[in-house]
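Open the model in your viewer and keep the sequence panel beside it. This tour names what to select at each stop and then says what is there.

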Amino acid sequence: MSNKADIMPSYKLATWNISQSKGFADFLQQQDVVVLQEANPGSRKEITGAGFKFVTGQRSHCGETHIYARKGLMAHPFGDQWPHGTTCALIDDRWLICGVHWPPFKEGILQRSKCANWVMAKLRDHQYVVIAGDTNMRKDETVSEWEDAFMIAGQPSDHRYTMNGYENKGWWADRPFKWTCRYDRIYLRHHEWQLEQFMVDKGNFISDHYCLKAQLQMMEQ
């Protein structure tokens with residue numbers, strides 16, 4: 001990376017389906033931008049009380065998708081027509097974060113594909129775009145015009161699953177069905193961003209999903 005690229009800004013991003021749980025804000029203190037799924041008015045009160053400002057939100061099939069930015073960071077809603085569970089914000093007048101919570105279940109594959117295609121069509125001509133959230137995408141599904149941060153990170157085995165019913169005793173202990181999956185994802189374009197950190201934070205098992213965190217540095221274009 002050139003010296004000029006060395007001073008390009010870096011941001012800490014987290015996405016988390018909090019399942020309308022409480023106590024989640026303690027795990028987000030160091031983040032710059034946060035995308036929440038299954039959020040509600042209580043969620044908003046908790047995280048704004050922890051030093052974040054609400055930027056934008058959209059209804060989904062379960063609760064709402066919210067985008068927050070730490071106080072002091074310039075952030076505004078972007079666009080006014082988005083598909084199911086999708087919302088978008090402009091950060092620092094530099095980059096776009098698109099937060100998603102797309103339709104669930106295997107049967108929702110066509111709806112998820114429509115959501116992904118809508119987002120790609122709307123954002124493909126913009127630079128510095130990140131898509132983050134609970135995509136509900138299965139193994140062979142992807143946002144084809146962006147790259148999966150998990151893949152860029154080298155598919156780290158200890159940060160593979162964002163939902164693990166066998167391990168998450170706090171949430172799944174009394175539930176008869178259990179599985180592992182990677183519904184929660186971060187997508188970016190590798191020539192625009194350097195992925196400095198990628199990790200799954202189990203968040204003390206307060207939700208059925210784990211929190212997905214990344215640190216991204218803008219690349220000079």
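Start by selecting Ala132 and Ile186: Ala132 stands opposite Ile186, which belongs to β12. Keep in mind throughout that this is a predicted model.

**The strands around β12**

In general, strands of a sheet pair through backbone hydrogen bonds, either parallel or antiparallel.

Strand β9 is joined to β12 by two bridges, and the two run antiparallel. Here Asp148 stands opposite Tyr187 in β12.

Is there space around β12, or is the strand enclosed or open? Five of the five residues of β12 are buried, so the strand is largely enclosed by the rest of the structure. In a regular strand the side chains alternate between the two faces of the sheet. Colour Asp184, Ile186 and Leu188 for one side of β12, and Arg185 and Tyr187 for the other; they are all buried, and both faces are covered.

**The whole sheet**

Select β5, β6, β7, β8, β12 and β9. These six strands form an open sheet in the order β5-β6-β7-β8-β12-β9, with mixed pairing. Which strands stand at the edges? They are β5 (75-77) and β9 (147-148); each has a single partner strand, so one side of each is left without a neighbour in the sheet.

Next, show helix α3 (residues 109-123). Helix α3 packs on this sheet and touches β6 (86-91), β7 (95-101) and β8. The direction of the helix makes about 170° with that of β7.

**Ala149 and helix α4**

Select Ala149, which lies in helix α4. Ala149 has 0% relative accessibility, so it counts as buried. Which residues is Ala149 in contact with, leaving aside its neighbours within four places in sequence? They are Ile186, Leu188, Leu195 and Phe198. For a distance check, pick the C-alpha atoms of Ala149 and Ser113: they are separated by 19 Å, and the two residues are 36 apart along the chain.

Zoom in on β1 and β2, which run parallel and are joined by five bridges. Within this pair, Thr15 stands opposite Val35 in β2.

The side chains of Gln215 and Ser10 are joined by a polar contact of 3.1 Å. Leaving aside neighbours within four places in sequence, the residues in contact with Gln215 include Tyr11, Lys12, Gln194 and Glu196.

**Aromatic rings**

Show the rings of Phe, Tyr and Trp. How many aromatic pairs does the structure hold? There are seven. Select Trp16 and Phe27: their ring centres are 6.0 Å apart and their planes are at 85°, so the pair is edge-to-face. Trp16 is in strand β1 (residues 10-17) and Phe27 is in the loop between β1 and β2 (33-39), 11 residues apart. Trp16 is buried, with a relative accessible area of 0%, whereas Phe27 is partly exposed, at 26%.

Move on to Phe150 and Phe198, a tilted pair at 6.1 Å centre to centre with 50° between the planes. This pair links helix α4 (residues 149-152) to strand β13 (residues 193-201), and its members are 48 residues apart. Phe150 and Phe198 are both buried.

Then select Tyr11, Trp95, Tyr128 and Trp193, which form one aromatic cluster.

**Charges over rings**

For the last stop, select Arg44 with Phe54: the charged end of Arg44 sits over the ring of Phe54, 3.7 Å from its centre. Finish with Lys122 and Trp82, where the charged end of Lys122 sits over the ring, 4.5 Å from its centre.

Key:
Residues are numbered from 1 along each chain as its sequence is written. This is a predicted model: local features need pLDDT of at least 70, side-chain atom pairs count only at pLDDT 80 or more; totals for chains, interfaces and linings use all residues. Side-chain values use heavy atoms; hydrogens and water are left out. A polar contact is a pair of N or O atoms within 3.5 Å; within protein, one must be able to donate a hydrogen and the other to accept it, and residues adjacent in sequence count only if both atoms are side-chain atoms. Contact means heavy atoms within 4.5 Å. Rings of Phe, Tyr and Trp (its six-membered ring) pair if their centres lie within 6.5 Å; planes under 30 degrees apart count as stacked, over 60 as edge-to-face and the rest as tilted. Helices (H or I, at least four residues) and strands (E, at least two) are DSSP runs, numbered from the N terminus. Buried means under 20% relative accessible area, exposed over 50%, partly exposed in between (1.4 Å probe, protein chains only). A charge sits over a ring if NZ of Lys or CZ of Arg is within 6 Å of the ring centre and within 35 degrees of the ring normal. Two strands pair if DSSP finds at least two bridges between them. Axes are lines fitted to C-alpha atoms, for helices over the stretch in contact, and angles run from 0 to 180 degrees between N-to-C directions.
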